[in-house]
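Q: Before we look at the model together, could you take me through how to read its features, giving the general idea each time and then the case at hand?

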Amino acid sequence: MGRLAGAAAAAFVVACNTSRLLDVQTPNSVPATVYTNPANATLMVNSAIGDFECAFGGFVVAEGIATDELQDATITAANWQLDRRDDGFTSGSYGTNGCTTTEGLYTPLSTARWEADQSVNSLNGWTDAQVPNRQTLLAQANLYAGFSYASLGMAMCQAAFDLGPLIDQKGMFALAEKRFTDAVTAARAAGQTSVLNAAYVGRARVRLFQHNAAGAIADAQLVPSGFVFNAAMDATSSRRFNHVFNAISTGGLATVEPAARALTTENGEVDPRSGTTRLTTKPADGTSLEFIPTKYNAATLTAGEALPQPIARYEEAQLILAEAQGGAAAVGVINAMRAAVSLKPYTGPTDAASITTLIVGERQRVLFVEGFRAFDVERFNQPLTPAAGTPYRLGGVYGHTVCLPLPDIERANNPNIDQAQLISGVQGQFPIP
Amino acid sequence: MIAKLSAVSLALLLVLPNAVRAQNGVVEGRVIVEGSQRPLAGVQIAVAGAAGKGAVSDASGRFRITGLSGATVILNARLLGYRPVTDTVRVGATNVRFALSERAVELNQLVVTGTAGTQEKRELGTSVASVNVADVMATTSVPSVESLLNGRAPGVTVIPTSGQVGAGSQIRVRGIGTFSLSSTPLLYVDGIRVDNGQTGLIARFNDFDPEEIENIEVLKGPAAATLYGTEAARGVINIITKKGAAGETKYTFTAKGGTSWFQNAAGRMPTNYWINPATGNLLSINYVKSEAANGTPLFRNGGIANYAASVSGGAGVYRYFASGEWNNAEGITLQNARLQKSARTNLSIVPSSKLDLETSVGYLTSHTNVTPEGSGGGIFFTGEYAKPQLTLAACPTPVPRGCGWSRGGFTFPPEVYNALLSWQDVQRFTGSVSLKYDPFSWMSHRLLFGTDYTLEDIQAYTPYQTDSTIVFFLGAGFDGSRSETTQQSTFNTYDYSGAVHFNVSPRILSKSTIGVQYYTNYNTALSASGTHFPTPGLSTISATGTKGTPTSSLTANNTLGFYGQQELAISDRLFVTGAVRVDNNSAFGSKAGWATYPKASLSWVASEEPSVRGRLPSFIDALRLRVAYGGSGQQPGVNTALRTLSPVAGPNSATVLSNNTFGNPDLKPERVLGTELGFEAGLFKDRIGIDFTFYSDVSHDAILSKGVAPSTGFGASTQFINAGQINKHGIELALKGQVVSRRDYGWDMQFNIAANTSKIVKLSGAAADTNIDLGTAPPLAHRVGYSPFDLFTFKVISATYDPTTKKAVNPVCDDGKGGSMPCFAPGTTSVQAPKVFFGHSIPTTEGAWINTFRYQRFRLYVMVDFQNGFSKLDNNLRINCQLTSDCIYSVFPAKYDPKIVAVVQNSGTLRDFFIKPASFTKLREVSLSYDAPGVLARRFGAHSLGVTASARNLAMITKYTGIDPENSLGGQNGSIALDQSEYPQLASFVVSIRLSY
C-alpha cells in the first residue's frame with residue numbers, strides 16, 4: 001500500500017502535464033491574439049460600430065449635462081461636477097465611466113476610436129482577396145473613426161491616442177478629416193451611398209470647425225435632402241439603448257435644464273424642434289421635475305429605448321452651409337428649415353454678429369441634445385448658462401468649464417503626456433479653437 | 001473440620017471479592033479540574049509500564065481500568081491543556097481522584113500546518129492562534145465563525161460590515177499587505193479549501209455552524225503559511241469540525257431563544273432640520289420618533305431561535321459524529337431575516353493500526369432576506385436621510401397628491417421598501433475523504449481530496465402593486481419586476497503528502513515531508529430579469545412583459561504546488577525546519593514562471609534543556625523560543641494576465657466584441673517574505689501563560705490594479721501590475737492566567753493585544769509615483785511612506801463666516817508643511833491645497849480582555865474588545881450635510897465653527913469634517929452560565945444540564961459620532977472606511993439550554 005501510494009504520488013508529480021493542469025477555460029471572452037485576422041474583418045468593423053454607437057449615446061448625454069441642455073438628476077455627488085462645470089476638475093466620471101454609465105465619454109469614445117482605427121489599419125494590411133467587401137468595411141471603419149475623433153474633439157480640450165502625446169481640438173478635427181476623406185474614397189469605390197453622405201457631413205463639420213468654410217460648403221452641399229445617418233438603437237441591451245431616453249425616462253438620471261424646456265426663436269415662438277415633454281415619473285433625486293426632449297420620447301420603454309440617435313443628418317449640413325456662407329445666404333437656409341416646421345422666418349439684421357447669434361440659437365434648437373451645444377458654446381464663446389458663480393442647487397457654484405480637460409486616468413497612465421501643456425478647459429484661459 | 005472449612009469458606013467469602021478485584025486489576029476513579037472541581041472529560045489515564053492499558057474519562061469525569069495485576073500501579077492522567085498528574089494507586093481502589101490544573105501554555109497541542117497530519121506546537125517556529133470553539137460555545141452564545149474569531153485570536157481583526165442578520169465581516173490577519181488583491185485569508189475545513197468569498201453582505205465564512213466546530217486555528221503570516229503556497233499570504237484559517245471519540249454514545253441537545261434590537265435607535269439616528277422658506281418655521285424630524293408616533297415603528301426586535309443536536313461516539317474500528325442545526329434569526333426590519341439549516345456527519349474508520357479513513361461531510365441550506373440599504377435604499381436609508389420638508393407639516397394647502405406620503409422618509413416610506421423583496425438562497429456541500437496510511441512506524445502517507453460546492457440563488461422580486469401609496473412611489477415600476485442570479489462555485493482539493501521519520505542518532509529525529517496539492521476553482525453564473533407583470537398574482541420572470549438580457553459567465557482557476565520539508569528534532573526540544581514550496585497558477589502571466597517560497601524555522605523548548613532549566617527562575621515552568629522565516633504569495637485575479645475582448649450586443653442584432661481586459665503577460669504573484677520571532681512561557685506553576693510574537697513581513701511585487709490610459713482602447717479595464725513593496729511589522733501578545741482558583745470560586749483571565757503598522761515603500765513601479773488616489777468615497781490613497789488605503793484629504797483649518805450670505809468664505813487649509821494656505825485657487829472652487837493624512841482605514845491595534853468568574857455552579861463570562869488607530873468617513877452625516885443640506889450645520893451655519901461650515905458648504909471638494917476617529921471599546925459578550933447538579937440533569941434523563949444567558953453588544957465607549965464605528969459598506973479594502981446607511985451591530989440577548997446524554 002505504501003509503495004502504491006508513493007508510486008501514485010510520484011506518477012502524479014512526474015508524469016502529469018502541469019501546463020494542462022493549469023489550463024482553464026475562458027469562455028466569456030476572446031483572447032486578443034486570436035481576434036485580429038482577415039476572417040474576422042467584418043466582426044472587427046461591426047464591433048467598432050457597436051462601440052461607437054454606445055459611446056455616441058453616452059457622449060450626447062454627457063455633453064448635454066456639461067452644457068445647458070440637461071441637468072444631472074442623480075444623488076451621486078461625483079456626477080455633479082460635470083453638471084456644475086467645476087473649474088479644473090479632472091477626476092470626474094466623464095473620464096472613466098463606460099458607455100452605459102451616465103456621463104461616460106472619454107473612455108468609451110477612445111475605445112471606439114481605437115477599434116475603428118485598428119480595423120482601418122488591419123484592413124489596409126489585408127487584400128481584397130483575403131477580405132470580401134474590403135472597401136465597404138474600410139469606408140465604414142474610417143467613417144466611425146472620423147466621428148470618434150470629431151466627437152472627442154468637440155468634447156475634450158485635449159486628448160491622446162495610442163499612448164501618444166497631447167493633441168488639441170484642432171488636431172483632433174484634422175485627424176477626423178483624414179478619416180472622413182478616406183471614408184469618402186472607400187465609399188465611392190464601394191458604392192456605399194449612405195456612408196458616403198455621412199462622411200460628407202462629418203467632413204463638412206470638422207472642416208467648419210477648422211475654419212475651412214469653402215471645404216465645409218463643398219461637402220455640405222453634397223448631402224441630399226432628408227438624409228440622416230443614425231446610431232440604430234434597439235432595446236436588446238443597455239449598450240444599444242437610446243441613451244437620452246434611457247437616462248431620462250428609464251433611469252431618471254437626468255432631466256432637461258429648466259432654461260431649455262421651452263426654447264424659442266427670436267420671435268418668441270416655441271420651437272418644436274427642441275420641444276420637451278413633462279414626464280410623470282420622478283427622477284432619482286426625487287425633487288427635480290422630469291422633462292425629456294420630445295424627439296426622444298416614446299409611449300413605452302421598449303419603443304423609447306429603440307429610438308435612433310442621429311449621428312449626421314441633412315439639417316446639420318444645412319446649418320453648416322448657413323454658418324459657412326453667412327449673411328443673407330444663411331438666413332435663406334435657416335428660413336427654409338423653419339418653414340418646414342411652420343415657424344416664422346428670421347427677419348432681423350444680417351450683419352456678422354447678428355448672423356452668428358442666429359446660427360448659435362438655431363443650432364441650439366435644431367440640434368437639441370445631439371452633442372453639439374457644448375462645443376458651440378465654446379467655439380462661439382457664448383455666455384454660460386447658468387452663469388459661473390451661480391449657486392448650484394445641490395451645493396457649490398457653477399464653474400467656467402467649456403471643454404473637458406484631459407482626465408486623470410489618461411494623465412496618470414500615459415507616460416507621453418507633457419504635464420506642462422495641459423489646459424483646464426476654463427473659458428477664457430485658452431484660445432478658442 | 002467442617003467448622004474449620006466453614007470458617008475458611010467464610011473468610012474466603014469475605015476476602016475474596018477484594019482479592020478477586022485485585023487479581024482482576026480494577027481501578028476506578030474520577031478526574032476533576034483543580035479549583036473548580038468540575039468533572040473533566042477526555043482525560044487519558046495510562047498505566048505506567050503496561051502499554052495499551054488505560055481509560056478515558058467520560059463526561060462526568062469517571063474512568064475505570066480493568067485487567068490490572070499487582071498491588072499497586074502507577075497511573076498517568078494526561079489531557080492537553082492541563083498539567084499531567086502521576087500517582088501510585090492501589091489496585092482495587094474505586095475512589096481514585098485526579099485533580100488536573102489547567103496549563104496556561106500547552107506546547108504539546110496538535111495544530112494543522114499543511115503537512116501530513118498535525119504537528120505539535122513545540123515543533124513550530126511560528127505562532128498559531130487557536131480558538132477552542134467547543135469551550136467557547138459551552139460558555140457563551142456566539143452566532144458565527146467570525147464572532148468566534150473576534151478578540152480571541154491575536155492578530156486577527158474582524159471588521160463587521162453591517163448589523164443585518166446574515167451579514168458577514170471582513171477578516172484581516174496582521175493588517176493589510178496588498179494594494180489591490182483580496183485581503184481575506186484562505187479558509188480550510190477539515191483540510192480542504194473552501195469558498196471564503198462574500199456575495200453581497202453575506203460571507204461564506206458564516207455558513208459553518210459553531211456548534212459543529214471543535215477548533216479554529218489561524219496561521220498568520222507567510223512563514224506560517226508557506227506550505228499553503230501562492231494564495232496564503234493573507235493567512236490561513238483552518239476549521240476543524242468535531243469528531244467522535246471511542247466510548248459511550250453521547251447525545252447533546254441545545255435550544256436557544258432570544259431577541260436582538262437596535263440599541264438607542266432614536267438617539268443614534270440623526271435628527272434633520274429645515275426652515276420653511278415660505279413661513280420661516282423650523283421643522284425637524286427624527287424618523288425613529290416620528291414613525292413611532294405614527295404607530296408604524298421603524299424597527300422591531302428580531303427574534304432568535306436555534307435548535308441543535310448531535311450524537312457522537314465510537315467503538316472498535318469506527319468513530320462517528322453527526323449533528324444538525326435549525327437556526328432562525330430576524331433582523332430589526334421586516335426586510336431582514338435568515339433561516340439556516342445544516343447537518344454534518346464525520347466518520348472515522350481505523351481498520352488497522354496502519355490505516356485511518358476519515359470522512360467529513362457537511363451540508364447546509366439557508367434563506368436570507370437582505371436589504372441593499374447603503375448601496376440601494378431601504379428602511380434604514382430612508383430614515384437616515386429623512387427630510388422635514390417631506391412631512392405633511394411641510395405640505396401646502398390644499399395638500400397635493402403624494403405630499404407628505406413618505407412621512408418625511410428620504411425616498412419611500414417603510415411600507416414601500418417592505419414590498420421590495422430580495423433574498424439569497426444557498427445550498428452548500430462540503431465533503432472530504434482523508435486516507436492516512438502508515439505502512440511502517442517510520443513512514444506515513446496522507447491522501448486527501450474533497451469538494452466544496454456552493455449554489456447561491458440571489459433574487460429580487462417586486463410584486464405587482466395595488467396599494468395606492470406604493471404605486472405612487474414606485475411610479476412606472478409599480479407593476480413589478482423580478483431578477484434572479486444563480487451562481488455555482490466549486491472548489492476541489494487534491495492533496496497528497498508523505499513523511500518519513502527516523503533517528504539520525506539517539507537524540508536526533510529526522511522528519512522528511514513531501515507534498516503536492518492541486519486546487520481547482522470553477523464558478524458559473526446565470527442571470528435573468530424581467531419587469532412589468534400584466535396583472536397582480538404573477539411572479540416569474542416568464543410572466544413579465546419586458547425581459548432583460550440573460551447573461552451567463554464561467555471563470556476557472558487552478559493552482560498546482562509542490563513542497564518538501566525537512567525537520568530535525570533534537571532531544572524533542574530543539575526543532576530545526578527547512579522547507580520549500582513551488583507553485584504555479586492559471587492566473588500567472590505567460591511570461592511568469594513558477595513561484596518558489598522558502599521557509600526555515602527554529603523552535604527551542606528551553607525549559608526542557610537541562611543546562612537551562614537549572615538557571616531559570618523557579619517561577620518559570622515552561623519556556624519556548626521560536627524564530628521563523630518564510631514566504632508565501634497571493635495570486636492575481638482570474639485571467640488578469642490576458643488581453644481579451646468580450647461579446648456584447650452590436651448593430652443589427654448581431655453579437656460583436658468589445659475590448660475587455662488589457663492584460664499583463666509579465667504578471668507574477670505577490671511574494672511575501674516574513675520573519676517572526678517570539679516565545680511562550682508558563683509561569684507560576686503554569687497558571688500564567690504568555691505568548692508573544694514579533695513579525696516583520698515584506699510584500700514584494702505587490703500587485704496594484706492600475707488604471708489603463710483610455711487612449712490604448714482599453715480604458716474601461718484595469719491592469720494588474722507588480723508595482724510595489726509594502727513592509728509590515730507588528731506584535732501580538734496573549735496573556736492567559738488563573739487569577740484565582742478555589743474550590744467554590746475562581747477567576748480566569750485572558751488578555752490579547754496585537755498591533756501592526758504597514759508602510760508602502762515603493763508604489764506603481766515608477767520612481768516618480770508616490771501617491772495614488774483611489775477615488776473612493778472615503779478619500780483613500782496609496783502613498784509612499786504610509787499604509788495602504790490610508791485616508792488623505794484637504795484639511796480646513798479656518799474660514800470666515802459671512803452672515804449676509806450665510807456662507808463660510810475664504811477657507812484656509814493645511815499646506816502639508818506645517819503651515820497654511822487658501823484652500824481654493826483664486827476665483828475658483830478648485831482646491832489648490834494638498835491632501836494630508838487623516839488616519840488609517842483599518843485598526844492598527846486590536847485586542848480583547850476576557851474574564852471568567854466562577855462561583856460554585858455559576859460562571860460569569862465577560863468579553864470586552866477594542867479596536868484602535870483607525871478612522872471612518874461618516875458618510876451619513878456627509879449626505880445629510882452636503883447633499884441634502886438638512887443637518888444641523890447646514891441649517892444653522894452661524895452657530896458653528898466656520899471651518900466646519902466651509903466643509904459642509906463645499907460638497908464637491910471638502911470632507912475632512914466627516915472623517916472621524918473610530919476607535920472603540922465594546923462590551924461584546926456577557927454571559928451567565930449555570931451547570932445544573934447531576935440530580936437535576938437526571939430529571940431530564942441527562943448526564944448534564946447547562947443553562948446560559950448571553951448578551952452581546954450591550955455597551956460601547958467611543959468618540960465616533962456616527963451610527964457605529966464598526967459599520968462599513970461592505971466589499972474589500974476600499975469600502976471598509978465607509979460608514980453609509982448600514983445597520984449597526986445589534987444588541988442581543990439569548991438564553992440557551994444544553995443537555996448531554
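A: A residue is called buried if 20 or more other C-beta atoms lie within 10 Å of its own, exposed if 12 or fewer do, and partly exposed in between, with C-beta atoms placed from the backbone. Of the 997 residues of chain B, 54% count as buried. This is a predicted model, in which local features need pLDDT of at least 70 and side-chain atom pairs count only at pLDDT 80 or more, while totals for chains, interfaces and linings use all residues. Residues are numbered from 1 along each chain as its sequence is written, and chains are lettered from A in the order in which they are written.

Q: What is the radius of gyration of chain B?
A: The radius is taken over C-alpha atoms, and the globule rule is 2.2 Å times the number of residues to the power 0.38. Chain B comes to 14 helices and 55 strands, where helices (H or I, at least four residues) and strands (E, at least two) are DSSP runs numbered from the N terminus. The radius of gyration of chain B is 32 Å, close to the 30 Å from the rule for 997 residues, so chain B is as compact as a globular protein of that length.

Q: How many residues of chain A are in contact with chain B?
A: Two residues are in contact if their C-beta atoms, placed from the backbone, lie within 7 Å. Here 68 residues of chain A are in contact with 62 residues of chain B, and helix 3 of chain A gives the largest share of chain A's side, 7 residues.

Q: Which strand of chain B is joined to strand 1 of chain A?
A: Strands pair if DSSP finds at least two bridges between them. Strand 35 (residues 644–649) of chain B runs antiparallel to strand 1 of chain A, joined by 2 bridges, and A:P31 stands opposite B:T644.
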